[in-house]
Amino acid sequence: MQEIKGNIKFHFLLNVFVVLFITGASYYHLPLNGFKDTLIYLIHLVLLQFSVAGVLFFLSLNKYVFLFLFSFLYIIYGLFGYGIYAMDISVTASLLDAAFQSKFYIVKDFFSVELFVYLFLMLISLVIILKKYNKVDTSKKRILFSVISVLLILIFPLIENKRRNTFKMRQPYSLVSSLKEFLTKKEIVLGSVKRGLYKTNVSDLKVVLVLGETVRADHLQINGYARATTPNLINKSNCLSYKKMYTNRTYTAVSLPQILTNESIRKSETETSGQKIKSIYGVLNSANVSTTWIGNQLLESSYEPIVLENDEVNIIDKFKSISSFSKSKDQALLPYFKESLKKDSLNHLITMHMIGSHWWYEDRYNEAERKYRPVIDSKYIPSMSKEQLVNSYDNTIVYLDFFLDAVIKRLEKEEGPVLMIYISDHGESLGEQGKWLHAHSGKELTNPAFLIWYSDSFKEKYPEKVTSFKSLKDMDLTTDLIYDMVLSVFRVTEK
């Protein structure tokens, strides 16, 4: 009986240390308000750790497995835990890709006095764990504990089947799933486009393609929304907004390839002919049009090959994904954008990929855009009113208005013809049919915002294009349009 008690005490201590240095990190940055919200996520952490406890028990069954494999995993996971605690990094396939390539920005920001203190404390805890383990007899009641451990492990698939990514996005599971994605990711297969295969019949044209995130058309004042969410755009000359833009893809990983390639509008055609998918950038590069990507989202495998076809790629805030709660705001894109405009190129496409209105809304705008109150004060959606959620979401649209206004003001200083195209990847549910956020079904997800702004010099030089833009105002459109629109603006044709 004494041995069993000792076994239980050891596993309790083991799980406490794992919570402190590994699993607890995933909950450190959660914005919560009040006892109820905190209690719910405390239960969430306990359930997560219960599932982990089952795995830890099986590691402890063999002396050598525990001494070597557990020690190795504890240190590795502890290092990721430090990154999550200190910098709110997101453990993703993109982060692993950067880490395995030993990219300098991954290494330099990791080394600090705090890291060495953290490592020292973690190593002390590991020594304590191993000393306690050597005093425990794991053979007692092994069958009983094994059955209990299996039941604990089953918590993970049961919860995940009920609500996807509940545990998968948190440590230690996030590292496992990200490593699996990194090793098995299926990339879009792009056909190579030779330089010189295409030509352009324009000169000195700069086009800015702004890819928005989670912005629905019906929450833009310029589209008739009752709130003043776009006070700058609504008063901007040469600015067109389209209410009838639609998409059937409601999350970024599938919506961006639809926008940036000919994959969906010519799918049957490419399948029949055996031709591979072409991206905007591959075709433009072939026509000697310079291409630049500036992004505030980590690249997902579904569209990373598309992005990497750009002549230049800049990803800001490289440690953090959309899951982080301290992600850089989109205004951080602007210095890169302004620098790109200085480049001496005859024709240039600059793409800016925003974090936009993606959840957590309060992280997406500044105090100056907190126009509507009360706002959300917790990550736990059921604890908040619809008014709070809609207010915070609308404030992100006010920020979008500020951002696009800043882009346009800079473009207005250009002497040559310039064009800005803004398209959101999809919309967002704001309580309709009891649903929130996106990546599910609902008509509010399928009507993304779409705007065009052109300079006076563009209007003078390409009046037929302006006429074409205006003719689309009352038509039903799909995001497939963007691929052809960009190539058409540059008058790209095969040689």
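These notebook entries record what I looked up in a predicted model of one protein structure.

**Entry 1: the sheet**

I began with the strands and found an open sheet of seven, in the order β3-β11-β8-β2-β7-β5-β6, with mixed pairing. At the edges stand β3 (239-241) and β6 (312-315), each with a single partner strand, so one side of each has no neighbour in the sheet. From one strand to the next, the twist averages 10°. I reminded myself that strands of a sheet pair through backbone hydrogen bonds, and that this pairing is either parallel or antiparallel.

**Entry 2: strand β8**

How many of the residues of β8 are buried? I counted seven of the seven, so the strand is largely enclosed by the rest of the structure. In a regular strand the side chains alternate between the two faces of the sheet.

Next I looked at the partners of β8. Seven bridges join β2 to β8, and these two strands run parallel, with Val207 standing opposite Leu419 in β8. The pairing of β8 with β11 is antiparallel and has five bridges, and here Tyr422 stands opposite Leu451 in β11.

**Entry 3: helices on the sheet**

I looked up two helices that lie against these strands. Helix α16 (residues 386-411) lies across β2, β7, β8 (418-424) and β11 (450-454), and its direction runs at about 165° to β8. Helix α15 (residues 334-341) packs on the sheet as well, touching β2 (205-212), β5, β6 and β7 (347-353), and its direction makes about 175° with that of β7.

I also checked helix α11 (residues 252-260), where eight of the nine residues are buried, so the helix is largely enclosed by the rest of the structure. Among the buried residues of α11 I noted Thr252, Leu256, Pro257 and Leu260.

**Entry 4: His358**

Is His358 buried or exposed? I found a relative accessible area of 12%, which is under the 20% limit, so His358 counts as buried. The residue lies in the loop between β7 and α16. Leaving aside neighbours within four places in sequence, I recorded contacts of His358 with Glu213, Thr214, Ile322, Arg364 and His438.

As a check on distance, I also took His358 and Leu79, which are 279 residues apart in sequence and 28 Å apart in space, C-alpha to C-alpha.

**Entry 5: salt bridges**

Side chains of opposite charge can pair when their charged atoms come close. My search of the whole structure gave 16 salt bridges, and I looked at several of them in turn.

Arg216 forms a salt bridge with Glu432, and their closest N and O atoms are 3.0 Å apart. Arg216 lies in the loop between β2 and β3, while Glu432 lies in the loop between β9 (429-430) and β10 (436-437), so this pair ties together parts that are 216 residues apart in sequence. Arg216 itself is buried, with a relative accessible area of 4%.

Lys327 and Asp317 also meet through their side chains in a salt bridge, at 3.6 Å from N to O. Both lie in the loop between β6 and α15, so the pair ties together parts that are 10 residues apart in sequence. I noted that Lys327 is buried, and that Asp317 is buried too.

I found a salt bridge between the side chains of Glu367 and Arg373, at 2.8 Å from N to O. These two belong to a network of salt bridges that links Glu362, Glu367, Arg370 and Arg373. Arg373 is exposed, with a relative accessible area of 52%.

**Entry 6: a nonpolar patch**

Last, I looked at the surface, where Phe58, Ile143, Val147, Val150, Leu151, Leu154 and Leu158 form a nonpolar patch with about 680 Å² of accessible area together. Which helix gives the largest share of the patch? I traced four residues to helix α8 (residues 142-153), and this is the largest share. Phe58, by contrast, has its place in helix α3 (residues 34-60), and at 34% relative accessibility Phe58 counts as partly exposed.

Key: Residues are numbered from 1 along each chain as its sequence is written. This is a predicted model: local features need pLDDT of at least 70, side-chain atom pairs count only at pLDDT 80 or more; totals for chains, interfaces and linings use all residues. Side-chain values use heavy atoms; hydrogens and water are left out. Patches are made of residues with over 30% relative accessible area and no salt bridge: like charges are joined within 9 Å, nonpolar side chains (Val, Leu, Ile, Met, Phe, Trp, Tyr) within 5 Å. Accessible areas come from the Shrake-Rupley method with a 1.4 Å probe; for residues, only the protein chains shown count as cover. A salt bridge is a side-chain nitrogen of Lys or Arg within 4 Å of a carboxyl oxygen of Asp or Glu. Buried means under 20% relative accessible area, exposed over 50%, partly exposed in between (1.4 Å probe, protein chains only). Two strands pair if DSSP finds at least two bridges between them. Axes are lines fitted to C-alpha atoms, for helices over the stretch in contact, and angles run from 0 to 180 degrees between N-to-C directions. Contact means heavy atoms within 4.5 Å.
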